[in-house]
Amino acid sequence: MTELGSRLKEAREQKGLSLDDLQQITKIQKRYLVGIEEGNYSVMPGKFYVRAFIKQYAEAVGLNPEGLFEEFKSEIPGTYNDDIPEQISRVQSRKQISTTSSKVIDKVPIIILALFLLGGAMTIYWFVSKKDVAQEPETKLESQETEYDESNEPPPVKEEPKDEEQVAGETDNTPAEEEPVEETPAQELVEIAKETSTATYELKNTDTFKVKVTASEAGQSWVTLQNRQNERFIYETIANGTTKEVDLTNQSEVILTVGRSSDLTVEINGEPFTYPFDTGQIVRQIITLKYTPGTEE
């Protein structure tokens with residue numbers, strides 16, 4: 001086992017992570033993780049993947065990959081030949097971007113001319129409309145004054161007919177009974193399944209879905225929060241009173257994995273969440289949260 005492999009393995013064990021846990025977090029096959037710890041890089045699919053896998057391993061256990069590359073550069077094989085295709089691809093991409101940009105610039109004068117003509121048409125229409133609106137009330141006012149001046153009588157006041165409810169209210173002063181207001185049900189977080197170290201909950205009767213995690217003082221916990229499509233919302237170590245909050249209102253299902261549950265508190269929509277298992281007995285807990293938006297009828 002190399003010194004780099006020993007450093008990585010020690011950091012993994014300090015976080016309470018097994019190789020299976022690390023495989024789930026990094027999506028790297030277990031045999032490659034074993035090869036990194038033992039310094040057996042011959043099992044890798046190519047030299048390029050050695051540095052990439054070591055970087056993912058280091059980030060997952062909370063180490064600085066760039067510092068490790070500098071400290072153990074004699075142990076890690078170089079990747080000069082593997083980098084050449086990537087550099088060529090970048091040059092081709094820049095050429096494509098430059099060609100596309102020049103085409104857009106050629107069309108700019110036509111776009112400006114079209115906007116100028118459209119603005120002029122809208123300005124003329126606005127002045128014509130304003131003139132018509134300003135003249136129409138004045139004509140009506142003159143005709144009304146002429147009609148009432150000839151009779152020298154005030155204009156008649158039109159009385160609106162009263163409906164049956166208004167007549168009944170004038171004769172009967174008994175106040176009407178108010179209809180009871182239906183209360184909106186409070187949000188619910190219901191446990192719907194539970195296994196050895198995993199549990200599933202359903203959140204309903206709410207239009208928001210926010211998850212907030214906070215590390216205890218002088219504590220730390222590796223936290224992952226992602227959906228079924230492996231879109232990550234939290235993927236880091238939360239430590240020393242640090243807080244992280246994510247708005248998941250547009251998600252229907254997410255998976256929360258807590259590496260050291262005793263050092264991390266969880267809140268859902270501002271309400272404390274109680275872990276499904278004793279944090280003193282089960283350190284790593286996996287919680288699936290299903291979200292049904294809106295209130296039930």
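Q: What makes helix α2 roughly perpendicular to helix α4?
A: Helix α2 (residues 19-26) packs on helix α4 (residues 47-60) at about 110°, and their axes lie 10 Å apart. Angles of 65 to 115 degrees count as roughly perpendicular (under 35 is roughly parallel, over 145 roughly antiparallel, the rest oblique), so α2 is roughly perpendicular to α4. The model is predicted: local features need pLDDT of at least 70, side-chain atom pairs pLDDT 80 or more, while totals for chains, interfaces and linings use all residues. Residues are numbered from 1 along each chain as its sequence is written, and side-chain values use heavy atoms, without hydrogens and water.

Q: Which residues make the contact of α2 with α4?
A: L22, I25 and T26 of α2 meet Q56, Y57 and A60 of α4, where contact means heavy atoms within 4.5 Å. By class, four are nonpolar, two polar and none charged.

Q: Why are β4 and β5 called paired strands?
A: Two strands pair if DSSP finds at least two bridges between them. Strand β4 (residues 220-227) and β5 are joined by seven bridges in the antiparallel sense, and L225 has I234 in β5 as its bridge partner.

Q: What makes β1 and β5 edge strands?
A: The open sheet runs β1-β2-β10-β7-β4-β5, with mixed pairing. Strands β1 (188-194) and β5 (232-239) each pair on one side only.

Q: Which residues line the largest cavity?
A: The lining consists of K15, Q220, S221, W222, T237 and R260. Three residues, the largest share, come from β4.

Key
Axes fitted to C-alpha atoms, helices over the stretch in contact; angles between N-to-C directions. Helix = DSSP H or I, 4+ residues; strand = E, 2+ residues; numbered from the N terminus. Nonpolar A, V, L, I, M, F, W, Y, C, P; charged D, E, K, R; others polar. 1 Å grid on protein atoms, 1.4 Å probe; cavity = no way out; pocket = protein on both sides within 12 Å on 5 of 7 lines; lining within 4 Å.
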